[in-house]
Amino acid sequence: MAGPAATAEPRVVLSARGLGKDFAGFTAVNGVDLDVHHARIHALIGPNGAGKTTVFNLLTKFLQPTRGQITLLGQDITRTPPDKVARMGLVRSFQISAVFPHLSVRENVKVALQRPAGLATQFWLPLSSLDRLDARADELIEQLGLARWRDHRAADLSYGRKRVLEIATTLALEPEVLLLDEPMAGMGQEDVQMVAEIIRNVATERAVLMVEHNLNVVADICDHVTVLQRGEIIARGDYATVSNDPRVRTAYMGSEA
Amino acid sequence: MAGKSEPIPTDTVAVHPQARSIRLVLGLAMLAALFIAPQFLYPIFLMKLLAFALFASAFNLLLGYTGLLSFGHAAFFGGAAYFTAHAVKEWGWSPEAGILLGVLGAAALGLVMGAIAIRRQGIYFAMITLALSQMFFFFCLQAPFTHGEDGIQSVPRGHLFGLVDLNDTMNMYYFVLGVFLIGLLVIWRFVNSPFGMILKSIRENEQRAISLGYSVSRYKLGAFVMSAALAGLAGGLKALIFQFATLTDVAWQMSGEVILMTLLGGIGTLLGPIVGAGLVVSLQNYLATSDFPVTIITGLVFMVCVLLFRRGLVGEFFASGLGRKLGFRADK
């Protein structure tokens with residue numbers, strides 16, 4: 001198996017070594033080594049039940065690994081709680097769109113901006129004290145093409161736009177590493193194009209690791225692909241390498257790879 | 001939220017152009033009614049109503065705005081009643097200092113109970129708060145300063161800031177009304193603040209709030225302590241109004257009663273718990289003189305409420321056509 005990617009790559013921002021997770025005797029993830037580089041888009045693919053989301057939950061510390069070590073920006077985060085990991089610069093999205101449904105689009109983004117701005121614990125200030133976050137929020141909303149929906153409730157957005165809003169909210173934190181769990185799942189073709197474009201732009205300044213089923217998108221925008229099957233890595237490399245790997249072809253039963 | 005979805009139509013009911021001023025007028029009318037109410041109604045009854053309305057509002061801060069169902073709020077209410085009563089009677093403290101001690105004591109209790117319970121969810125959280133408040137109940141039963149079954153009797157009301165004689169019923173009423181309004185203002189500010197915004201986001205999607213870097217349990221604990229402190233404010237008031245503090249105030253039935261009041265009125269609205277408390281206290285008051293067993297009636301009222309208006313009285317009104325036309329918005 002090829003080792004983690006070639007020499008000319010930018011610095012590694014997130015890495016895992018020997019990562020494993022057991023659920024009551026069942027090994028969901030085992031011996032996963034992963035390096036995520038700055039300014040690169042990494043894809044984690046594999047058939048259903050391969051453990052992709054579990055790996056995500058382990059990396060973001062929403063689950064505690066049974067084995068292995070995780071390093072973020074040179075710091076060991078194997079035992080760090082998830083909110084702290086987020087504050088350190090590793091921010092994730094969820095498979096089911098994670099927005100605050102009864103808040104407006106702008107408020108959704110502002111909630112993310114509140115903490116870095118030090119405006120999250122003041123229970124004695126009026127809500128208008130958050131007005132100074134409007135400019136930055138609107139900038140992000142504009143950048144991701146949500147300006148028309150700025151004052152709509154997040155619940156009223158279409159599915160694709162909810163995902164975009166989630167990305168906008170995530171970007172508000174200016175994370176070093178962005179983990180996107182199936183950002184295009186259930187989207188129409190135009191939305192897929194739009195989101196792919198957004199991810200490509202985002203990745204110029206930060207690392208992106210995404211779980212994705214849409215292999216056309218993966219082929220299109222991802223620099224590195226890691227294939228997972230039954231909780232273990234069976235191949236890695238660029239898309240061309242991976243898609244020609246016989247084990248990957250078997251895993252996908254020749255369907256798309 | 002469902003997976004695939006078309007845009008859901010936004011509110012179809014247009015808000016009346018004068019909604020804001022109508023709401024303001026309604027609010028002022030209610031305020032005016034509270035000011036002149038003791039001319040028409042028995043002041044002690046009104047004071048009891050205000051104290052319980054404040055208690056229910058404090059509880060709603062936790063259930064309605066944070067999404068945590070505590071089954072142990074009697075500990076804060078009754079505990080504060082004991083602290084205030086003891087300080088005023090045995091140490092000769094002024095009423096305002098006594099109430100402040102009640103608030104601080106309740107907040108401290110809240111910090112301890114909250115720190116233990118806050119990491120649990122749903123029914124487990126409710127059970128732990130119940131267990132802890134029962135422990136506090138037995139402490140109150142045994143501790144010498146509470147005088148066990150007798151409670152602390154004939155608590156003096158004293159002079160507010162050494163000036164206003166609170167033994168005068170009208171003075172006492174306006175003092176209680178003032179504290180009640182301050183309590184409501186504190187709740188309103190708390191809910192509509194940067195902190196309140198984070199609480200709201202946690203209630204909407206806790207996982208997402210964590211992934212944005214919010215230490216969710218600390219925010220919940222903050223809300224828990226604030227709710228406990230305000231419940232303590234209500235408890236301290238109650239000790240001065242009735243001039244006694246007894247085991248009834250710390251018993252689990254009291255925790256149940258405040259849940260009933262809040263659900264009846266409507267959680268997540270500022271007005272709901274006040275209306276709910278008013279209804280329950282009035283029922284108790286009027287049924288107390290009749291042969292009807294109060295608990296059966298309140299139980300029936302509660303069942304009807306759960307079956308017919310799940311949002312509570314105020315919640316249903318806010319969600320109705322008229323309510324939305326007036327620009328009211330229920331949070332849940």
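Author: A:His42 has A:His224 as its bridge partner in β9(A). The model is predicted: local features require pLDDT of at least 70, side-chain atom pairs count only at pLDDT 80 or more, and totals for chains, interfaces and linings use all residues. Residues are numbered from 1 along each chain as its sequence is written, while chains are lettered from A and ligands numbered from 1 in the order in which they are written.

In the same strand β9(A), A:Val227 is the bridge partner of A:Ile45. These bridges concern β3 (residues 41-45) and β9 (residues 224-229) of chain A, which pair in the parallel sense over 4 bridges. Strands, here and below, are DSSP runs of E with at least two residues, and helices are runs of H or I with at least four, numbered from the N terminus; two strands pair if DSSP finds at least two bridges between them. Strands of a sheet pair through backbone hydrogen bonds, either parallel or antiparallel.

With β10(A), strand β9(A) pairs in the antiparallel sense over 5 bridges. A:Gln229 has A:Glu232 as its bridge partner in β10(A). The two strands β9(A) and β10(A) make a hairpin with 2 residues between them, and A:Arg230 in the turn has a positive phi of about 45 degrees.

Of the 6 residues of β9(A), 5 are buried, so β9(A) is largely enclosed by the rest of the structure. A residue is buried if 20 or more other C-beta atoms lie within 10 Å of its own, exposed if 12 or fewer, and partly exposed in between, with C-beta atoms placed from the backbone. In chain A, 48% of the 257 residues count as buried.

The sheet itself is open and mixed in pairing, with 6 strands in the order β6-β7-β8-β3-β9-β10 of chain A. Its edges are β6 and β10 (232-237) of chain A, each with a single partner strand, so one side of each has no neighbour in the sheet. On average, and ignoring direction, neighbouring strands of this sheet are turned by 20 degrees against each other. Helix α1 (residues 52-59) of chain A lies across β3, β6, β7 (177-181), β8 (207-211) and β9 of chain A, and runs at about 150 degrees to β7(A). Axes are lines fitted to C-alpha atoms, for helices over the stretch in contact, and angles run from 0 to 180 degrees between N-to-C directions.

Chain A as a whole has 9 helices and 10 strands. Its radius of gyration, taken over C-alpha atoms, is 19 Å, close to the 18 Å given for 257 residues by the globule rule, so chain A is as compact as a globular protein of that length. That rule is 2.2 Å times the number of residues to the power 0.38.

Finally, 36 residues of chain A are in contact with 28 residues of chain B, contact being defined by C-beta atoms, placed from the backbone, that lie within 7 Å. On the side of chain A that touches chain B, α2 (82-88), β6 (90-92) and α3 (105-114) of chain A each supply at least two residues.

Notes: Contact = placed C-beta atoms within 7 Å.
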